[in-house]
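Reader: Please show me the sequence and the structure, and let me put questions about them one at a time.

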Amino acid sequence: MPTMTAPTPAAPDMLERYTTKFAGSRRRFEEAKTIFPDGVTHDLRLLEPFPIYIDRQKGSHKWDIDGNEFIDYWSGHGSMILGHSHPDVVTAVQKQVERSTHAGGCHEGEIEWGKLVKHLVPSAEKLRFVGSGTESTLMAIRLARMYTGRPKFLKFGGHFHGWHDSVMPAAYAPYDGSPIPGIPNDVSASTVVIPPNNLDLLEKTLAADKDIGAVILEPTGGHWGAVPIRGAFLKALRELTTKHGQLLIFDEVITGFRVAPGGAQEAYGIKPDLTTMAKIVAGGLPGGCLGGRADVLDQISTRPGKPKMKHPGTYNANPLSAAAGVATLKHVATGEPGRQANAMGRLLRNRLNALFAKQDLAWVAYIDFSMFRLIPNYHGPRPGVAAGDNDGMIPYDGDMEKLDGPRDAKLGAAFRRGMLLNGVDIPGTGGWLSAAHTEADIDRTVDAVAKTIEML
Ligand SMILES: Cc1ncc(COP(=O)(O)O)c(C=O)c1O
């Protein structure tokens with residue numbers, strides 16, 4: 001078998017097969033293009049020549065409007081740790097929808113939900129529910145500015161924290177600090193960006209700039225582990241931020257309730273000052289949360305003689321999201337969903353790498369907990385089979401440009417189309433496992449990857 005290097009994207013017969021197999025989706029997309037920019041409602045959902053339209057989902061599977069079945073690795077953009085339409089979540093939401101979908105006031109569900117989050121997340125002394133992950137990081141940064149009186153914060157290149165102005169710099173490749181259209185330079189100037197995993201530079205930057213009041217990061221690495229961060233770096237970061245009087249913000253929108261019931265902070269035994277959450281916290285329904293030190297969160301409280309951070313929000317602690325969140329977090333609390341998703345992640349990584357080695361394909365798979373990645377045109381060593389949830393070898397020695405730099409968009413799209421033709425829906429060259437994924441799913445996925453690479 002010859003070594004496969006650069007696959008040729010978009011073989012014409014593949015496009016033809018795609019267009020035929022997903023004919024119903026093609027028709028919907030023609031209509032969608034007249035309504036939405038690019039025809040889609042989230043950038044990631046765009047796929048040439050058209051994306052597929054999803055009809056229903058159950059467990060680890062989904063079906064499109066043409067009746068095609070897929071194994072799903074979008075997992076609701078990482079939010080469906082129990083898999084789709086878990087019976088307990090469905091029942092909880094059905095019951096709630098009949099009682100009240102918007103309390104227009106306080107409700108018991110928010111208390112039960114808040115108690116569960118507090119119980120699970122080690123650093124959450126107090127918390128506030130918000131409408132999304134983007135809102136949670138917005139709140140964290142504003143509260144940190146108020147608390148420290150310092151206008152700047154530090155983030156790492158390739159770390160994504162939602163799409164509000166101050167967190168967008170260096171969220172996407174290239175990570176060279178180029179200006180972002182629509183975001184005033186004055187705003188970007190208060191966001192200090194350095195590459196991840198460079199402790200020397202971190203130490204120098206935090207010590208030198210007294211205007212930096214906080215550090216925010218995806219604790220297992222940017223873009224949910226594309227460039228993994230390990231415990232030693234987190235520990236040093238905690239020590240440095242404490243030393244310099246800066247708040248440490250863990251963005252656990254993805255890792256929260258996934259890598260461990262209490263998120264990355266539980267997995268690594270590190271206590272951040274603030275934790276941003278969304279996705280799993282609301283059981284896959286819209287919602288988010290900021291938890292953390294009471295003295296920081298209390299700036300939202302009305303306190304005589306002290307400034308208050310205003311915080312309205314029509315969908316804060318929405319009863320439907322609360323019902324789905326409570327039903328999901330009760331399962332998360334057992335530790336089982338995260339364990340199962342991690343185990344399936346390891347299995348997928350190991351079997352894919354075995355395939356690549358056996359067939360001499362220039363690809364590699366790596367994981368961080370239940371989040372996996374594939375890299376094409378790879379010729380280095382691969383992670384060993386016995387590695388655990390988060391101690392596997394990192395390709396390219398963790399080089400950010402190679403792991404998460406600008407990608408060959410044509411190859412990425414061709415891979416996604418090929419995987420769809422082979423019965424797997426994957427957001428790019430990586431995805432999220434859930435507790436509903438089975439060994440049979442993994443075997444079918446490995447088979448689909450083999451067939452897709454052959455098609456390419
Ligand atoms: C780490 C991280 N933070 C924040 C967000 C933003 O969350 P939302 O899409 O709910 O606004 C995301 C979204 O994927 C994320 O991955």
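Reader: In which hand does helix 14 pass helix 17?

Author: This is a predicted model, in which local features need pLDDT of at least 70, side-chain atom pairs count only at pLDDT 80 or more, and totals for chains, interfaces and linings use all residues. Residues are numbered from 1 along each chain as its sequence is written. Helices (H or I, at least four residues) and strands (E, at least two) are DSSP runs, numbered from the N terminus. A crossing is left-handed if the near helix is turned anticlockwise from the far one by less than a right angle, and right-handed if clockwise; the crossing of helix 14 and helix 17 is right-handed.

Reader: At what angle do the axes of helix 14 and helix 17 cross?

Author: Axes are lines fitted to C-alpha atoms, for helices over the stretch in contact, and angles run from 0 to 180 degrees between N-to-C directions. Two residues are in contact if their C-beta atoms, placed from the backbone, lie within 7 Å. Residues of helix 14 including Leu348 and Leu352 meet residues of helix 17, among them Val446 and Val449. The axes of helix 14 (residues 336-358) and helix 17 (residues 439-455) come within 10 Å, and their crossing angle is roughly 35 degrees.

Reader: How many residues of domain 2 take part in the contact with domain 1?

Author: Domain bounds come from an automatic or database domain assignment, and here the protein is divided into domain 1 (12-84 + 336-455) and domain 2 (103-317). Their centres, taken over C-alpha atoms, are separated by 28 Å. The contact takes 20 residues from domain 1, and from domain 2 it takes 26 residues.

Reader: Which are the edge strands of the open sheet of 7 strands?

Author: Two strands pair if DSSP finds at least two bridges between them. Strands of a sheet pair through backbone hydrogen bonds, either parallel or antiparallel. In this open sheet the order is 4-11-10-9-7-5-6 and the pairing is mixed. Pairing on one side only marks the edge strands, strand 4 (126-130) and strand 6 (191-194).

Reader: Which residue of strand 6 is the bridge partner of Phe156?

Author: Strand 5 (residues 152-156) and strand 6 pair over 4 bridges, in the parallel sense. The bridge partner of Phe156 in strand 6 is Ile194.

Reader: Is Phe22 buried or exposed?

Author: Phe22 lies in the loop between helix 1 (12-21) and helix 2 (23-32). Leaving aside neighbours within four places in sequence, Phe22 is in contact with Ile52, Asp64 and Asp66. Because 24 C-beta neighbours lie inside 10 Å, Phe22 counts as buried.

Reader: Is Leu199 buried or exposed?

Author: Leu199 lies in helix 8 (residues 199-208). Apart from its neighbours within four places in sequence, Leu199 is in contact with Phe233 and Ala236. With 12 other C-beta atoms within 10 Å, Leu199 is exposed.

Reader: What is the phi of Lys279?

Author: Most residues other than glycine have a negative phi, and most peptide bonds are trans. Lys279 is found in the loop between strand 10 (274-278) and strand 11 (288-292), and is buried, with 28 other C-beta atoms within 10 Å. Although Lys279 is not a glycine, its phi is positive, at about 60 degrees.

Reader: What is omega for the cis peptide bond that joins Ala173 and Pro174?

Author: Pro174 is placed in the loop between strand 5 and helix 7 (185-188). For the cis bond joining Ala173 and Pro174, omega is about 0 degrees.

Notes: A residue is buried if 20 or more other C-beta atoms lie within 10 Å of its own, exposed if 12 or fewer, and partly exposed in between; C-beta atoms are placed from the backbone.
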